[in-house]
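Reader: Hey, can you put the model up and walk me through it? I'd like to go through it bit by bit.

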Amino acid sequence: MPAKQADLVKYRQITLLETLDRVLNKGIVLVGEVTLSVADVDLIFLGLQVILTSVETAKQLGVRREE
Amino acid sequence: MEGNIPSGAVQPNPPPFTPHSSPSAQVVGWYLYGILPSSAPFPPLVGVDGRSALVVIVEEGLAALASIVPLEEFGAEPLRRHLEDPQWMEEKVRHHERIVETAMAEAPILPMRFGTIFLSPEGVKRMLQENAAKLQEGLVYLEDKEEWGVKGFSDRRRLQEFMVGKDPDLCRLSEDQGLQSPGRAFLARKRLEELASAKVEAREAELVRSAEDVISRKVVDLVRKPPLPRQATGRRQEMILHLACLVTKDQVKGFLAMLTRWNSAYKAEGFELLATGPWPPYHFAPTVERDACEAS
């Protein structure tokens with residue numbers, strides 16, 4: 001089966017990319033504008049999507065890591 | 001430090017340092033990892049700051065798994081700087097993921113996105129209150145399901161070789177390359193390249209459609225994602241299919257077996273499906289409105 005241990009280990013670098021993609025881009029997303037000031041709001045939503053817009057980010061992180 | 005934790009919150013261990021109580025001198029935030037049923041156990045781990053114990057903030061039968069983080073490291077500005085530090089990011093993202101996955105082993109969890117930080121437990125409670133129905137529904141819906149990633153890789157060279165062997169047009173051009181004069185061989189090679197590349201693309205599109213079709217019959221829900229470029233995957237093969245799948249737990253075995261069968265069937269064409277999981281349901285967790293959790 002494709003998900004047997006050896007295969008999953010072999011594709012570790014992809015798993016890192018997937019982890020970054022999921023953790024940075026998905027999950028419960030608190031929709032709204034980016035808040036950069038912490039002083040007057042109750043919630044800081046750190047709008048990572050501004051900088052980490054997409055898989056591009058994961059790609060860069062992943063690629064840089066392998067260097 | 002007790003004063004900073006509302007009465008509804010469960011706090012297994014006191015945090016290792018005392019936050020200032022004055023709002024103007026706020027030094028810590030509450031970093032959220034995910035939302036669990038309030039009855040669920042939660043892992044005895046240390047949070048992303050590397051020292052603060054995990055706590056849960058409970059409201060409406062929901063528990064937000066959290067830990068306090070120093071704002072000098074996790075505040076908006078410092079975080080912006082850290083975003084440019086891949087090593088810091090990778091360590092923290094992996095830490096976040098480890099906590100979510102450990103919790104997921106015991107109970108359903110709605111994973112939060114990285115960097116969701118509240119300035120007070122009251123803010124967390126308000127978010128839980130105002131989104132309670134949606135979050136409870138999400139937990140019930142996801143309880144018996146797992147998220148799996150599926151990617152399809154195409155070995156184009158192999159696919160082309162396979163097609164040259166089967167396709168009469170390609171076959172003839174391929175033979176012409178060797179038999180004609182140098183000029184005609186060159187033209188034949190050029191035509192072969194063009195035709196083969198078009199046919200390979202068309203065949204890949206067919207394979208993708210057919211794989212999606214088979215997969216969609218085994219999953220509850222499915223999100224199509226843009227395939228990653230080769231420089232990101234580090235593989236020679238081209239990624240031509242990228243899915244996040246929601247699979248009922250009792251269907252996972254059959255789902256993986258189906259992928260295996262698929263791989264055997266299309267191996268000769270150089271097409272391979274790869275599954276990773278189970279993941280926390282990042283792609284299938286509900287969305288929470290930020291407006292609902294802002295302080296007035």
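Reader: What ipTM and pTM does the predictor give the complex?
Author: The ipTM is 0.74 and the pTM is 0.77. Chain B averages a pLDDT of 85, with 87% of the residues at 70 or above; pLDDT is the predictor's confidence in each residue, from 0 to 100.

Reader: Where does the pLDDT stay under 50 in chain B?
Author: Over residues 1–11, for which the model has 22 contacts beyond four places in sequence. Residues 291–296 of chain B are also below 50, and that stretch has 16 contacts beyond near neighbours in sequence. A contact here means C-beta atoms, placed from the backbone, within 7 Å. Where pLDDT is low, the predicted coordinates should not be read in detail.

Reader: OK. How many helices and strands in chain A?
Author: Chain A has 4 helices and 2 strands, in the order α-α-β-β-α-α along the sequence. Helices (H or I, at least four residues) and strands (E, at least two) are DSSP runs, numbered from the N terminus. Of the 67 residues in chain A, 40% are buried. Buried means 20 or more other C-beta atoms within 10 Å of the residue's own, exposed means 12 or fewer, and partly exposed is in between, with C-beta atoms placed from the backbone.

Reader: And chain B, how many helices and strands?
Author: Chain B has 10 helices and 10 strands, and 40% of its 296 residues are buried. Among its contacts between residues at least 6 apart in sequence, 73% join residues at least 24 apart.

Reader: Which residues have the most contacts inside the largest nonpolar core?
Author: B:L32, B:I35, B:V56, B:A64, B:L65, B:A66 and B:V124, in a core of 64 residues. A nonpolar core is a set of buried Ala, Val, Leu, Ile, Met, Phe, Trp, Tyr and Cys residues joined through C-beta atoms within 7 Å. This core draws at least three residues from each of domain 1 (2–143) and domain 2 (146–163 + 197–279) of chain B; those bounds come from an automatic or database domain assignment. Apart from it lies another core, of 8 residues, among them A:V23, B:M89, B:F114 and B:L228.

Reader: What does B:A64 touch?
Author: Beyond its neighbours within four places in sequence, B:A64 contacts B:L32, B:I35, B:V56, B:I57, B:V124 and B:L128. Two of those, B:V124 and B:L128, are among the buried residues of helix 4 of chain B. That helix (residues 121–130) has 7 of its 10 residues buried, so it is largely enclosed by the rest of the structure.

Reader: How buried is strand 3 of chain B?
Author: Mostly covered, with 8 of its 9 residues buried. Strands count as paired when DSSP finds at least two bridges between them. B:G29 stands opposite B:V69, and B:V55 stands opposite B:A66.

Reader: Which residue takes a positive phi in the hairpin of strand 2 and strand 3 of chain B?
Author: B:E60, near 55°, in a hairpin with 2 residues between the strands. B:E60 is partly exposed, because it has 16 other C-beta atoms within 10 Å. Most residues other than glycine have a negative phi, and most peptide bonds are trans.

Reader: Where's a cis peptide bond, then?
Author: From B:G277 to B:P278, with omega near -5°. B:P278 lies in strand 9 (residues 271–279) of chain B.

Reader: What order do the strands take in the open sheet of chain B?
Author: The order is 7-8-6-9, with antiparallel pairing. Strand 7 (221–224) and strand 9 of chain B stand at the edges with a single partner strand each, so one side of each is left without a neighbour in the sheet.

Key: Residues numbered from 1 in each chain as written. Chains lettered and ligands numbered in written order. Predicted model: local features only at pLDDT ≥ 70, side-chain atom pairs only at ≥ 80, totals over all residues. Contact = placed C-beta atoms within 7 Å.
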